[in-house]
Amino acid sequence: MSAPIARTLRALSDLGVGSEGTVWGLGVLEGEARVWLRALGIFEGQSLRLLRRAPFGGPYHVRVGGAEGALGEFAIDPSLASGITLEARASVTP
Amino acid sequence: MSAAAVGTVALVGRPNAGKSSLFNRLTGADAKVGNFPGVTVDVLEAEVTDARGRTWAVVDLPGLYTLGVSASGDTDEGVARQWLDRAVQDRRPVALLQVLDGTQLGLGLRLTQELLREPFPLAVVVTQEDLLRRDGATVDTARLEEALGVPVRAVSARDPGSRAAVLGLLEGSLVPSAERVERPERDWDPERLARQCYRREGAGAASLARRTERLDRVLLHPVAGPVLFTGLMVSLFAAVFLVADPASAALEAGVGRLSRLVSRAVTDPTLASFLVDGVLGGAGTVLAFLPQIVILTVALELMDASGYLSRGVFLVDRLLRAAGLGGRSFVPLLTAHACAVPAIQATRILRDGRERLRTLLVLPLMTCSARIPTYALLLAAFFSHRGVWFRGAAFVGLYLAGACAGLLASLVLRRTVARGRSLPLVVEMPAYRSPEPRVVWRVTTRAAVGFLRDVGTSILAVSVVLWALLTIPAPWGAPPRAEAAPIERSVAASVGRALEPVTRYAGFDWRINVGLLGAFGAREVMVGTLGVIYGIEGAEEDPAPLATRLRDARTPDGRPLHGPATALSLMAFFVLACQCMSTVAALRRETRGWRWPLFVVGYTYALASGAAVLVFQVASRVLR
């Protein structure tokens, strides 16, 4: 019997700057926001890295799509960031 | 679309995919705003002739991420959606040409997936080939063609040769069709296909991404970022002031020379006065604001094309959100500091209807350049003894007063008439690229022409009507004195006098009232009107004699007619009142009705009158 795979699911808003993960779900968000995020390029299975945050609790600056030729960078409002669930991979900074 | 055209090719693509660049390359400089029924937003259209002499209408649809979101007709996505639906309805022969950024193949192919479901012939142009090659990469177009089942070409839109490549694609395989196209659904995954079609050959190693990362480390640094951004905005305003001023003066001097020629050549005094004060006066007023519009448009376009504009949005989003707006409102708010009319059009980038409405309602409070001549005149007339620093600070204060009034109004509106929270921000931060001069030039000329057309005609009309009101003697009432100048007997003066019992609480006499009546149509005419009333020609060119006359004007019993208190009260009025019919017309166009434009006029005039009375009553007691 194989051991259950331990998933570490965290909201984008809980990640530290420099952290990476794979988008696991946008379930918490309302319909239109979800459709819009997916259209822009933030969808399940995309790898995502938190590059920085704007000062005074402003938007999150993320890069999605680790693969070459598929990179996109976006600014995301904190209220959406808390609805984007990621499977965390590695944290570069504490 | 002309009768000879074989059909229409619509360019579709994500924002920043290089669509404008390719459109420019394809069509040269002679695009015009297409007139499409049902589409309120400017959609550029131009005709292109291919090697076989056939004409194609090429349409540049707004950039879009998806066709699937129920966007309203006011946003870019909505406009494109409406246009496509309309083409199906009218059975127009249309083909789609997707412009796909080769550096974002995976993301662009998601849109391709949607476009394949549309009932039009489709071809794909992969752009940014030059950037890819610099990165040592290419896109396997043959493989893409095979997977998608539609023609694919890779080009660099900046390369002149791309025109022939795209025209060849049009000629060879893209036949616009009035028939509905149905394709069998193919099963492919955009990301996987992108990985398969992306070939890395050299050792360029993602230089584009690296350069962007390096620049962002500075430009979005927690401390340096906001400081640099603020510095850039301050320099932009300094440029609008310092560079635009000599250019405006030169344009006005030119109109002044023309006026003198006309007054010498035309012997009939009434006709000469009509041409000089009415027509040329109005034309000069319009031209004086053109340099500022041009500078601000160039600056905004450079920021947009380079990718910095979305960094600005990122930096100011938090601040504007506190006022019930959002980062994207920053663009129209900035534009409004030159002129509210293009700013009202710029609100189309706001996806959220409530936020867009709030932005539209507060834009007229931003200090547009048409207020500057009045501020300059009043400061020169009543505060010249205070020195240049005082006047500089006063100007900054007036700008800030407008901006703060706008943010406060937005806060109030959010809780009252335009309730609702703004949609959360999601905005793409494109890789930094050097802007293309051809595209900047095209955008700027369009903005300049649009300004002259939209604002120019209304200023000219106001100027001519005002001339008539200042010239025609009032048929009612007796003139105050028999020896009064003709202007004191005019219709405008008698209306101004009738208002005096109310406006004296704000310190305004009939002369200022007449100026304000004209300024109701276009605040630009204020200085010129006061010049006419005080019998000073060319007040717009050189306000100094008018400033002296304003300061030295006396009542019959020898007291000064106006003082600093009146000046402050008049400035407060100008900060707040929406004295601009072009703005009202633009608001009506964008909100499709009279409700909101009338609301704006009502609330800004109420605020302005209240503030003017308050300022005058306080200042006339303090500044004794």
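Chain A has 2 helices and 6 strands, and you can follow them along the sequence in the order β-β-α-β-β-β-α-β. What you are looking at is a predicted model, with an ipTM of 0.87 and a pTM of 0.83.

**Chain A on its own**
- Of the 94 residues in chain A, 41% are buried.
- Take the contacts in chain A with a separation of 6 or more: 59% of them join residues 24 or more positions apart.

**Where chain B touches chain A**
- The two chains meet through 32 residues of chain B and 30 residues of chain A.
- Which elements of chain B each supply at least two residues of the side that touches chain A? They are the helices α3 (105-115), α7 (190-197) and α13 (308-322), together with the strands β9 (198-200) and β10 (426-428).
- Helix α13(B) gives the largest share of that side, with 6 residues.
- Sorted by class, the side of chain B that touches chain A holds 19 nonpolar residues, 7 polar ones and 6 charged ones.

**A strand pairing across the two chains**
- Strand β10(B) also pairs with a strand of chain A, namely β5 (residues 72-76).
- This pairing is antiparallel and runs over 3 bridges.
- To find one of the bridges in the structure, look for A:I76, whose partner in β10(B) is B:V426.

**Two crossing helices in chain B**
- A handy idea to keep in mind is that two packed helices are described by the angle between their axes and the distance between the axes.
- In chain B, the axes of α1 (residues 19-27) and α6 (residues 162-173) come within 9 Å and cross at roughly 85 degrees.
- Because angles of 65 to 115 degrees count as roughly perpendicular, α1(B) is roughly perpendicular to α6(B).
- From α1(B), the residues B:L22, B:R25 and B:L26 meet B:S162, B:R163 and B:V166 of α6(B).
- The residues of this contact comprise 3 nonpolar, 1 polar and 2 charged.

**How confident is the predictor about chain B?**
- Chain B has a mean pLDDT of 85, and 93% of its residues reach 70 or more.
- Where in chain B does pLDDT stay under 50? That happens over residues 35-40, for which the model has 10 contacts beyond four places in sequence.

Terms used: Residues are numbered from 1 along each chain as its sequence is written. Chains are lettered from A and ligands numbered from 1 in the order in which they are written. This is a predicted model: local features need pLDDT of at least 70, side-chain atom pairs count only at pLDDT 80 or more; totals for chains, interfaces and linings use all residues. Two residues are in contact if their C-beta atoms, placed from the backbone, lie within 7 Å. Helices (H or I, at least four residues) and strands (E, at least two) are DSSP runs, numbered from the N terminus. Ala, Val, Leu, Ile, Met, Phe, Trp, Tyr, Cys and Pro count as nonpolar, Asp, Glu, Lys and Arg as charged, and the others, Gly among them, as polar. Two strands pair if DSSP finds at least two bridges between them. Axes are lines fitted to C-alpha atoms, for helices over the stretch in contact, and angles run from 0 to 180 degrees between N-to-C directions. Angles under 35 degrees count as roughly parallel, over 145 as roughly antiparallel, 65 to 115 as roughly perpendicular and the rest as oblique. A residue is buried if 20 or more other C-beta atoms lie within 10 Å of its own, exposed if 12 or fewer, and partly exposed in between; C-beta atoms are placed from the backbone. pLDDT is the predictor's confidence in each residue, from 0 to 100.
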